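These are my notes from an afternoon with one model.

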Amino acid sequence: MPQKKALSVVPTARLTGLERAVDDFMAGVRAKGGSARTEDYYLAVLGRVFLPWCQGAGITEPGQLDQRALNAFNGELLGRTGAGGRPLAKASIASYLRGVRRFLLWTQEAGLTPARLRVQMVQVPRKVLDTLSRQEITTMEAAADGERDRLIIRVLGDCGVRLGELLTLEASSLVEEGRDRYLKVKGKGSRERLVPVKPSLYARLKRSSEQGRPAECHTTRIFI
């Protein structure tokens, strides 16, 4: 697996104090053993959004960050446009600000910035999501090619697991407790939880895990 590139292409001796602080923060993120997605998230937010803005604002040291600067960063994000000249979505802005807020908390714990500083979060409108009806899920399942694809549609539709959680299901993920049936899934942060599953779907998954995979398969995952 190729090693990740460093956050900055500038030699360490030439890093600004703020860039060095971001590097130290990222080292802490890696030391916690989090997922690659978590690391990529902070690299994107801090390396491609926050640091370039700070550079443009003449901020090179953590101690230069004050409430006025943080508020100006919020304002710049709120006025920024994305593809097609449309304003950035509030959800995207909130995602950037969460990463910066976590970094700011780290600098405060390290004594690099005053404890009174706060990243002002934006309100993200709550939307009622459109969901598939039972009939639509059944129609999709009927149109799928093969039992494997039909099972994927049915598990996603009935159990509400994430795609990444579905792809890591193994035979050991099928759990029986008395008359109840569950899927043991591993979610964000490697946290495990039990998801109820109908006995009929459970039986199909069990049959697929035992008989539905190629003989030369060298993985225990249900969905290849």
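What share of the contacts between residues at least 6 apart in sequence joins residues at least 24 apart? I get 51% for the chain. I note here that the model is predicted.

**Overall build**

I counted the elements and found eight helices and three strands in the chain. I then read them along the sequence, and the pattern is α-α-α-α-α-α-α-β-β-β-α. I looked up the extent of the C-alpha trace, which spans about 60 × 35 × 35 Å along its principal axes.

I checked burial next, and 31% of the 224 residues count as buried. The chain exposes about 14500 Å², and carbon and sulfur atoms supply 52% of that area. For charge, I have 37 positive and 24 negative side chains. The centres of these two sets lie 4 Å apart.

**Gly99**

I looked up Gly99 and placed it in helix 4, which runs over residues 90-109. Gly99 counts as buried because its relative accessibility is 0%, and the cut-off is under 20%. Leaving out residues up to four places away in sequence, I find that Gly99 touches Tyr41, Tyr42, Val45 and Leu46. I also took the C-alpha distance from Gly99 to Thr38: they are 10 Å apart in space and 61 residues apart in sequence.

**Glu19**

Glu19 is found in helix 1, residues 17-31. I asked which side chain of opposite charge is nearest to Glu19. That side chain is Arg20, 7.6 Å away. Glu19 is buried yet has no salt bridge, and the cut-off for a salt bridge is 4 Å. With residues up to four places away in sequence left out, Glu19 touches Arg14 and Leu51.

**Salt bridges**

I searched the whole structure and found 13 salt bridges. I wrote up three of the pairs.

The side chains of Arg154 and Glu141 meet at 2.6 Å, N to O. Arg154 lies in helix 6 (residues 146-159) and Glu141 in helix 5 (residues 134-143), so this pair ties together parts that are 13 residues apart in sequence. Both Arg154 and Glu141 are buried.

Glu147 and Arg150 form a salt bridge at 3.5 Å, N to O. Glu147 and Arg150 are three residues apart in helix 6, so about one helical turn separates them. Glu147 is partly exposed at 30% relative accessibility, and Arg150 is partly exposed with a relative accessible area of 27%.

Glu165 and Arg162 also form a salt bridge, at 2.8 Å, N to O. Is Glu165 buried or exposed? Glu165 counts as buried because its relative accessibility is 2%.

Last, I asked which residues are linked in a network of salt bridges. I list Arg134, Glu141, Glu147, Arg150, Arg154, Asp158 and Arg204.

Terms used: Residues are numbered from 1 along each chain as its sequence is written. This is a predicted model: local features need pLDDT of at least 70, side-chain atom pairs count only at pLDDT 80 or more; totals for chains, interfaces and linings use all residues. Side-chain values use heavy atoms; hydrogens and water are left out. Helices (H or I, at least four residues) and strands (E, at least two) are DSSP runs, numbered from the N terminus. Buried means under 20% relative accessible area, exposed over 50%, partly exposed in between (1.4 Å probe, protein chains only). Lys and Arg count as positive and Asp and Glu as negative; His and the chain ends are not counted. Contact means heavy atoms within 4.5 Å. Accessible areas come from the Shrake-Rupley method with a 1.4 Å probe; for residues, only the protein chains shown count as cover. The place of a charge is taken as NZ of Lys, CZ of Arg, CG of Asp or CD of Glu.
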